[in-house]
Amino acid sequence: MTVNKIILTLDDAKKMAAAAEAEAKRNEWQVVIVIVDDGGHLLYLQRLDHAQFGSIDVAIEKARAAIAFRRPTKIWEENIAQGQLRYLNLPGTLPIEGGLPIVVNDQFVGAIGVSGVRSFQDAQIAQAGIDALLA
């Protein structure tokens with residue numbers, strides 16, 4: 001049996017990154033924005049001026065974790081805050097909000113990860129990118 005698979009294109013990634021960048025700039029936040037495909041492979045990386053370079057790897061890992069487990073990285077942050085420390089050893093997770101899976105027509109097509117400000121602000125920027133894609 002075959003299925004039609006929706007893929008995230010470079011143009012999609014650029015559209016998302018532009019919207020995420022606009023949200024970050026509107027708030028004067030210096031961040032790194034990363035978009036990966038459904039296999040966790042890097043499609044797009046954008047480091048805004050003055051963003052710390054340490055956020056590059058964090059944004060990549062947030063995006064990869066979000067698509068690998070098909071859920072926002074906030075889930076693990078909440079679980080750990082509730083004392084469920086076993087999630088600290090779950091390979092491929094990152095218990096910091098800011099990684100969101102991208103779902104189009106009920107298909108997981110990739111993820112976006114943002115790092116550079118407080119984690120809930122990273123998630124706000126990431127959501128702006130997803131909203132632009134789905135608009």
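## Legends to the close-up views

Glutamate 23 is buried, its relative accessible area being 14%, in a model that is predicted.

View 1. Glutamate 23 belongs to helix H1, which covers residues 10-26. Its relative accessible area of 14% falls under the 20% limit, so glutamate 23 is classed as buried. Two polar contacts of the glutamate 23 side chain are shown. One, of 2.8 Å, links it to the side chain of arginine 26. The other, of 2.5 Å, links it to the side chain of glutamine 124. When residues up to four places away in sequence are set aside, glutamate 23 touches Gln124, Ile125 and Ala128.

View 2. Alanine 20 is located in helix H1. Alanine 20 counts as buried because its relative accessibility is 0%. Beyond residues up to four places away in sequence, alanine 20 touches Ile33, Ile112, Ile125 and Gly129. Between alanine 20 and isoleucine 6, which are 14 residues apart in sequence, the C-alpha to C-alpha distance is 22 Å.

**View 3. Valine 32 and its surroundings.** Valine 32 lies in strand S1, which comprises residues 32-37. With a relative accessibility of 0%, valine 32 counts as buried. Leaving out residues up to four places away in sequence, the contacts of valine 32 include Leu45, Gln46 and Arg47. Also among them are Ala51, Gln52, Ser55, Ile56 and Ala59, as well as Gly113, Val114 and Ser115. Leucine 45, one of these contacts, is 13 residues from valine 32 along the chain, and the two C-alpha atoms are separated by 7.2 Å.

**View 4. Glutamate 28 in the loop between H1 and S1.** Glutamate 28 is placed in the loop that connects H1 and S1. Although glutamate 28 is not a glycine, its phi is positive, at about 60°. The relative accessibility of glutamate 28 is 66%, so this residue counts as exposed.

**View 5. Arginine 70 in the loop between helices H2 and H3.** The loop that holds arginine 70 runs between helix H2 (54-68) and helix H3 (74-81). Arginine 70 is a residue other than glycine with a positive phi, near 55°. Its relative accessible area is 52%, and arginine 70 is therefore exposed.

**View 6. The protein chain as the setting of the close-ups.** The protein chain contains four helices and four strands, in the order α-β-β-α-α-β-β-α from the N terminus on. The radius of gyration is 14 Å, close to the 14 Å given by the globule rule for 135 residues, so the protein chain is as compact as a globular protein of that length. The C-alpha trace spans about 40 × 40 × 20 Å along its principal axes. Of the 135 residues in the protein chain, 44% are buried. Among contacts with a separation of 6 or more, 60% involve residues 24 or more positions apart. The accessible surface amounts to about 7500 Å², and 51% of it belongs to carbon and sulfur atoms. The protein chain carries 13 positive and 16 negative side chains, the centres of the two sets lying 3 Å apart.

Notes. Residues are numbered from 1 along each chain as its sequence is written. This is a predicted model: local features need pLDDT of at least 70, side-chain atom pairs count only at pLDDT 80 or more; totals for chains, interfaces and linings use all residues. Side-chain values use heavy atoms; hydrogens and water are left out. Helices (H or I, at least four residues) and strands (E, at least two) are DSSP runs, numbered from the N terminus. Buried means under 20% relative accessible area, exposed over 50%, partly exposed in between (1.4 Å probe, protein chains only). Contact means heavy atoms within 4.5 Å. A polar contact is a pair of N or O atoms within 3.5 Å; within protein, one must be able to donate a hydrogen and the other to accept it, and residues adjacent in sequence count only if both atoms are side-chain atoms. The radius of gyration is taken over C-alpha atoms; the globule rule is 2.2 Å times the number of residues to the power 0.38. Accessible areas come from the Shrake-Rupley method with a 1.4 Å probe; for residues, only the protein chains shown count as cover. Lys and Arg count as positive and Asp and Glu as negative; His and the chain ends are not counted. The place of a charge is taken as NZ of Lys, CZ of Arg, CG of Asp or CD of Glu.
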